[in-house]
Amino acid sequence: MKIAIYPGSFDPITKGHLDILNTATLIFDKVIIAVAHNSEKHGFLPVETRLKLIQESVKGLENVEVDAFEGLTINYAREKGASVLIRGLRAVSDFEYEMQLSQANSSLAPEIKTVFLTTKPKYNFISSSTIKEIFLNNGDISKFVSEPVFDYFSNLQ
Ligand code: ADP
């Protein structure tokens with residue numbers, strides 16, 4: 001059974017993340033989408049909220065599990081018996097950081113491979129920070145996030 005971890009901040013989950021996740025579910029037997037958090041660094045949304053919004057957004061995807069972890073992703077992957085890490089690439093600007101991260105991970109855990117996926121062009125530019133920026137300036141985020149995320153943000157106003 002090929003298990004893949006899709007780690008990230010997901011603060012909040014976007015349609016870009018969901019597109020990557022959807023593709024990953026077609027390739028692997030099980031995909032664990034995992035919120036990487038650090039108890040000393042707080043994001044925009046609490047981890048519990050991020051998890052709830054992911055859970056509501058992935059309903060209907062059968063081979064997906066939702067979880068959170070602290071510490072090194074490779075340790076978490078080993079704990080879960082996963083052999084693959086999924087990361088997404090948007091622009092060339094992502095490449096340098098993602099390359100460094102995957103090489104560091106591969107040096108620490110050669111048995112765990114990183115697989116890079118891209119989204120459909122219409123989701124390519126979406127990032128959690130763009131969503132927050134649009135929302136905080138009263139823009140419409142409905143095209144970029146799932147319904148549960150949109151409803152959650154609408155209730156914040
Ligand atoms: P992190 O803080 O670990 O970068 P994010 O939640 O921002 O967490 O992103 C998780 C992963 O999803 C990263 O590999 C990121 O490049 C990828 N990703 C996010 N949005 C998109 C998108 N629109 N297209 C492709 N990849 C994406």
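I took helices (H or I, at least four residues) and strands (E, at least two) as DSSP runs, numbered from the N terminus. The model is predicted, so I noted its limits: local features need pLDDT of at least 70, side-chain atom pairs count only at pLDDT 80 or more, and totals for chains, interfaces and linings use all residues. Residues are numbered from 1 along each chain as its sequence is written, and side-chain values use heavy atoms, with hydrogens and water left out.

**Entry 1: Arg 90**

I located Arg 90 in the loop between strand E4 (84-88) and helix H4 (92-108). Its relative accessible area is 41%, and I recorded it as partly exposed (buried is under 20%, exposed over 50%, partly exposed in between, with a 1.4 Å probe and protein chains only). I then listed its contacts (heavy atoms within 4.5 Å). Apart from neighbours within four places in sequence, Arg 90 touches Asn 124, Ile 126 and Ser 127.

**Entry 2: the ligand**

A polar side-chain atom of Tyr 6 is 2.8 Å from a ligand oxygen atom. For Glu 98, an N or O atom of the side chain lies 3.2 Å from an oxygen atom of the ligand. A polar backbone atom of Tyr 123 is 2.8 Å from a ligand nitrogen atom.

**Entry 3: helix H6**

In helix H6 (residues 147-156), I found Pro 148, Val 149 and Phe 153 buried. Seen down the axis, the buried residues fall within an arc of 130° and therefore line one face of the helix. They pack against helix H2 (47-57) and helix H5 (128-136). The face turned away from the buried side carries the exposed residues Glu 147 and Asn 155.

**Entry 4: aromatic pairs**

I counted 6 aromatic pairs (rings of Phe, Tyr and Trp, its six-membered ring, with centres within 6.5 Å; planes under 30 degrees apart are stacked, over 60 edge-to-face, the rest tilted). The rings of Phe 44 and Phe 153 are stacked, because their centres are 6.0 Å apart and their planes at 15°. Phe 44 sits in the loop between strand E2 (30-36) and H2, 109 residues from Phe 153. I noted Phe 44 as partly exposed at 35% relative accessibility, and Phe 153 as buried at 1%. Ring pairs link Phe 44, Phe 135, Tyr 152 and Phe 153 into a cluster.

Definitions and conventions:
The arc is that of the directions from the helix axis to the C-beta atoms. A polar contact is a pair of N or O atoms within 3.5 Å; within protein, one must be able to donate a hydrogen and the other to accept it, and residues adjacent in sequence count only if both atoms are side-chain atoms.
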